[in-house]
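Biologist: I have a sequence and a model on my screen. Walk me through the fold, please.

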Amino acid sequence: MSVARMTRHEIEWVRWVPGFNTLLRYEIAWLGHDVMAGLVLATMLVPVGIAYAVASGLPGICGLYATIVPLLVYAVFGPSRILVLGPDSALAAVILGVVLPLSGGDPQRAVVLGGMMALVSGTVLILAGLARLGFVTELLSKPIRYGYMNGIALTVLISQLPKLFGFSIEGTGPLRELWSIGEAVLAGKTNWAALAIGLGALATILLLRGNRRVPGILVAVVVAAVLVGMFDLAERHEVSILGSLPQGLPRFAVPWVGADDVLPVLIGGCAVAMVSFADTSVLSRAYAARTRTSVDPNQEMVGLGAANFAAGFFQGFPISSSSSRTPVAEAAGARTQLTGIVGALAIVLLLLLAPDLLQNLPTSALAAVVIASAIGLFEFADLKRIYRIQRWEFWLSIACFVGVAVFGAIPGIGLAIVIAIIEFLWDGWRPYSAILGRPAGVEGYHDITRYPEARRIPGLVLFRWDAPLFFANAELFRERVLAAVEESPTPVRCVIVTAEPVTSVDVTAADALMELDDALLARGIELRFAELKDPVKDKLRRFGLFERFDETRFFPTIDSAVSRYLETA
């Protein structure tokens, strides 16, 4: 079936399964590139998937299950051509914050909890995508996003230090963990063989990070596994290793959780949904621009949600896009999501044919993989710029960072959302307003605080309000208009609100306008409006204000309003 002959109904159906659309347009010349890129990608997917599963408090095999299933599902529902999905370091702290205290060290219980978090995350994302809520992550400003990501990066890094040093600790929460780590080191619990391997792996990954030809993670974990096997470090020096992976593929299972676990799993799943889509939307847009394609953010939500939802039924856990594996696919020549399918099938072959291949992989090397990724999450350079140009936003970022670092990932993300809402409301709650005059040699009317020499028309106050007018700022609007009247150098006969920035009015604000009009009329002052948008006028009409404010009080431009005043003055 050709695209040109598809009916409108069929086109609408295909829009929700972009993989089918890609298949219809697939060019045979892409096949070799996609297959080779998929094989290259698989060499990175395996160690990273295992490492992030362990970092999230789940068995390492779950990281491979959470790689295979999402890659296959996203290839059907995902709109981005080369985006790679899978376990992610940015989610590890959030998942660990739910799984660790609830599982009680039981790996099977951890798998169930991780699976249910994936189902919750997937459901939230799919519903949000279908409701076309892809814009919601834009409500989180860049400084706030930097703050919680820096906090998550620190939390992830601290959580991996015990594995790097080769011991285990008791304690939950970043600060308590850091204290326990310090006590364990001072008590001489460090396993020096594990630490040497972990630090060597970390150094290798960081040194080769910018090299697209040599996969640093693969080199680090292979060398570490070879050294452990060659010198029998697991037996002789008690270096903790991954062990044999279960042979076979993930099986379908519904991850039932107890009633006591529902609330923390729901909160964690929603937090994961927010973080994963925030990162995915940014990465998706970046690669869409590079490949000169368009990506629908709502479909991106659906694709990411479907991948998470499917992972939850196959012993997986919440996943996101990867800013480290996607460049690998791109550099290897990926053209379409067939690259991800090939990568997933390569992992399937590993589980079926060679499950013992990674049994000597030391956990300290896996910790090094996660730590290297966490280091990449930190953002300092742009925060310096923000500090220079807008210090209060910088301190918002620091507040989010401290919230995550002190209270943990989930409470910290909740704090970030609260701060984002407060920041959003503050701009509308206490907006900028200005009294306008006409500067010599400058066209139009402008803020007299910027143009002190601007000429003001006797008896007239031109007042500009730079925000929607709603319940939170309606009283402030009334107070500022009356203050402008009091500060006028001449007795006021008319107030003209230049209302172009006013994009909305609610019932509370409408009542405040009537109160303001009453107060002004008591002084013999008429209230008029210029440049008020038609949809806002329609609301005023619905609210019954046109019984008081007829069309003679509204003017299409400031000039026409001023001219009418001068004619009647």
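Modeller: Start with one term: two residues are in contact when heavy atoms lie within 4.5 Å. Keep in mind that this is a predicted model.

Biologist: Among contacts between residues at least 6 apart in sequence, what share joins residues at least 24 apart?
Modeller: Take the contacts in the protein chain between residues at least 6 apart. Then keep those whose residues are at least 24 apart in sequence. Their share is 80%.

Biologist: How many helices and strands does the protein chain have?
Modeller: The C-alpha trace spans about 100 × 70 × 50 Å along its principal axes. Of the 569 residues, 51% count as buried. The secondary structure comes to 23 helices and eight strands.

Biologist: What is the strand order in the open sheet?
Modeller: The sheet has six strands, with mixed pairing. The order is β4-β3-β5-β6-β7-β8.

Biologist: Which residue of β4 is the bridge partner of leucine 436?
Modeller: β3 and β4 are joined by two bridges. The two strands run antiparallel. The partner of leucine 436 is aspartate 447.

Biologist: Is strand β5 largely enclosed or open?
Modeller: β5 covers residues 460–465. Burial here means under 20% relative accessible area. Five of the six residues of β5 are buried, so the rest of the structure leaves the strand largely enclosed.

Biologist: Which residue in β5 is the bridge partner of alanine 434?
Modeller: Look at β3, residues 433–437. Four bridges tie β3 to β5, and the pair runs antiparallel. Alanine 434 is partnered by arginine 464.

Biologist: Which residue in β6 stands opposite phenylalanine 463?
Modeller: β6 spans residues 494–498. Five bridges join β5 to β6, and these strands run parallel. Opposite phenylalanine 463 is valine 497.

Biologist: Is α20 roughly parallel or roughly antiparallel to α21?
Modeller: α21 covers residues 507–521. The axes of α20 and α21 are 9 Å apart, at an angle of about 25°. Angles under 35 degrees count as roughly parallel, so α20 relative to α21 is roughly parallel.

Biologist: Which α20 residues make that contact?
Modeller: α20 passes α21 in a right-handed crossing. The α21 side includes Ala512, Leu513 and Leu516. The α20 side is Ala474, Phe477, Arg478, Val481, Leu482 and Val485.

Biologist: Is helix α5 roughly parallel or oblique to α6?
Modeller: α5 spans residues 89–103 and α6 spans residues 107–130. Their axes lie 9 Å apart, at an angle of about 140°. Val94, Val98 and Leu102 of α5 are among the contact residues, as are Leu113 and Met117 of α6. The angle makes α5 to α6 oblique.

Methods. Residues are numbered from 1 along each chain as its sequence is written. This is a predicted model: local features need pLDDT of at least 70, side-chain atom pairs count only at pLDDT 80 or more; totals for chains, interfaces and linings use all residues. Side-chain values use heavy atoms; hydrogens and water are left out. Buried means under 20% relative accessible area, exposed over 50%, partly exposed in between (1.4 Å probe, protein chains only). Two strands pair if DSSP finds at least two bridges between them. Axes are lines fitted to C-alpha atoms, for helices over the stretch in contact, and angles run from 0 to 180 degrees between N-to-C directions. Angles under 35 degrees count as roughly parallel, over 145 as roughly antiparallel, 65 to 115 as roughly perpendicular and the rest as oblique. A crossing is left-handed if the near helix is turned anticlockwise from the far one by less than a right angle, and right-handed if clockwise.
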